[in-house]
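Biologist: Please place the structure before us, so that the chains may be discussed in turn.

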Amino acid sequence: MSEVQKAQPEHWLTLQSAGSGSPWGCRIESVGVKLPAQRLTTKDLMSKTSHRTRIQLERLTGIHERHVVGPGENSFTLATGAARDCLSHSRHQASDIEMLISTSISRSKGRSSQSFEPPLSLYLKQAIGATQATSFDLSNACAGMLTGVFILQNLISHGEISCGMVVSGEYISHLSWNAARQIRSLFSKQLASLTLGDAGAAVLLERAPRGSGIDVIGFTTLAEHSRLCLAFPSSVGPGAQMYTKARTLQRVAIEDTAPLVAETIREAGIDLADIDYMIPHQTSARAIRAGTDAFVQRLGARPKHVVINIEEYGNTSSTTLFVALYKCLQEQKIRKHDRVMLLALASGIEIGIAIFTIDNLADSYGHAH
Amino acid sequence: MGTHIEAACARVGNGGRKATARRLADDAARACLTLAGCRPADVDMLINVGVYREDSMGEPALAALIQEDIGANRGQPPDGGGRGRSGTFSFDLLNGACGVITAIQVESGLLRAGAIRLGTVVSSDVPPDLGGPGAPFLRPAGGAILLRWDDSPAGFTDFCTLTFPEYEDLFTSGLEWRERRGIRGPRQGTGHNRMVVMVKPGYLARLVDCAEEATRRFLRRLGLGVEDIDLLVPAPSVPDFVDPLRARLGVPGDRVAYTPEDLEGSHTTGPIAALQAAIKSGRLGEARNTLLLAAGAGITVALALYRQEPERRVTDLSR
């Protein structure tokens, strides 16, 4: 076999854009969220650590509280609730969904702390009535939901399907409890586990006129950093444990993301200052501000607003981007014609960026709805 | 126009401690690239579809570790991307024994769009540490397949996935927390998350029923009959599945690609093992219409039609 002939690529990211000649566009039609009613403050969590840590977690991360599951709630119930909420804001019915992708990292259901087979997506499509949908699970750490959007963008804009849903339910607060049993100091590799909160989110995508919808979406995996954040089943309690080299991860993510953001905005034919709302993955307020400052330094421009909602939700893993988008829509901060950038950062390291302009999506949320 | 197979490689694990799921996938991916004469840096997308790993790692995606191991664009050049180099995008896709076909469908769409030029799907499983009787048919194995787009009127052209949720409880697996009993050593935890695999009686029979039903529905949709299929490539994810299915469909034995016995029960690697057998025998190159089929928990059945012109030959793995 001859060597694969590659044209000179103009970008490092695996990219799709509305202007690439595809017969259709792909737009975000609705977003849904399910948050558990129960809340846990950072003060309460830190008061329950087995060792006296002296860690000022709230000051370090900006997280005041997070939602945590109550009895009977798990990844499956959160995902189902988010999917139903998404449909309640949609003109579509569940039967219109042709592909359903479940992207939960935690896949707890019933007695299982992690369900493997059948895939969680099979149960989800039955629960919401999307019985005709092709379904599968996808696992890409905190970038899972945006990875699902990347796949649907391709299938919808090329006419393979006309409507699809990406959904995730993350019951991950057990990582916080497992970390709280072992953590002793600020330098613990389990520190990031204390920032996690539970949430479900769903996004419905549909066919749009050619050239409209999501302007650009791109992804890459910088695998030389694949071992900076690892999660395994726990041996100290139900659920999992996560070990993160947080400082290295933050430094690498900031250094590597800036040129990729530059690639994406160049592909969209805009400037960073044309972004009305940048929604980054929510890890800590301090890390997000440091990252934004680095972009400004490297790219010479600043997005008009950077969304930080970590104070009341914590890091909800694969759902953070859409929990944040949903809240901004509900509060009518993000309005029609605003240009939004979603920025996924995840273990791998996975970096995913999407740029789109808010259209009728804004009409389904907030007081006007 | 369609997605073409550049090369396929499936290998059996020896069951040793060093033959981890990651290493099985690494070895298969490297062998596949060598067969196709491609460099790791040529791979634009890597999807891992393996389900069972010795450590049940939750994140990152195992695909990222495999990408690093095989050396596929591990990092950005210092001056950013472009300028003749592009990166690799990796993630895990989980659809049980049908994962390979679903991943081929995903990569096929991106190849068609020109978003990627060379994609690979890798798979691997090691039998979970069940601590008791479990799924006896799960055999350690790893596989990889390389795909690219071709403008010739052939390749993977149609896909179909059907689920039969009325049988969703016939095969289930997941981690369950078990408290440790008795005296605990100083380095031992309070318990462990144990993999529980439940296979109920009647699973195999229903699997054959569903596979037959799905095949007939898929062929009907395409306007084809069973007689139009030159080669049936059924994934041997479960032993004793292929012959009953062949008989039910009425496909003669000489139009079935049988996988070597040592790769039977290779779970997610099943479709790649079957394709490798079809390529090695030379029959995939000769068949005009090839039907790739996999069936597993759900019950989920995935099918793909691979059309080929007689003169086109897939990489001969026996060389």
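Modeller: Two strands are said to pair if DSSP finds at least two bridges between them; helices (H or I, at least four residues) and strands (E, at least two) are DSSP runs, numbered from the N terminus. This is a predicted model, in which local features need pLDDT of at least 70, side-chain atom pairs count only at pLDDT 80 or more, and totals for chains, interfaces and linings use all residues. Residues are numbered from 1 along each chain as its sequence is written, and chains are lettered from A and ligands numbered from 1 in the order in which they are written.

Biologist: Which residue is the bridge partner of Glu117(A) in strand 7 of chain B?

Modeller: Strand 6 of chain A and strand 7 (residues 171–179) of chain B run antiparallel and are joined by three bridges. Within strand 7 of chain B, Glu117(A) has as its bridge partner Ser173(B).

Biologist: Which strand of chain A gives the most to the side that touches chain B?

Modeller: Taking contact as C-beta atoms, placed from the backbone, within 7 Å, 64 residues of chain A meet 69 residues of chain B. Elements that each supply at least two residues of this side of chain A include helix 5 (144–157) and strand 10 (214–221). The most, six residues, comes from strand 7 of chain A.

Biologist: How many of the 14 residues of helix 3 of chain A are buried?

Modeller: A residue is buried if 20 or more other C-beta atoms, placed from the backbone, lie within 10 Å of its own. Those buried in helix 3 of chain A include Phe76(A) and Leu87(A). Helix 3 of chain A is largely enclosed by the rest of the structure, because its buried residues number 11 of the 14.

How values were computed:
Contact = placed C-beta atoms within 7 Å. Buried ≥ 20, exposed ≤ 12 C-beta atoms within 10 Å, placed from the backbone.
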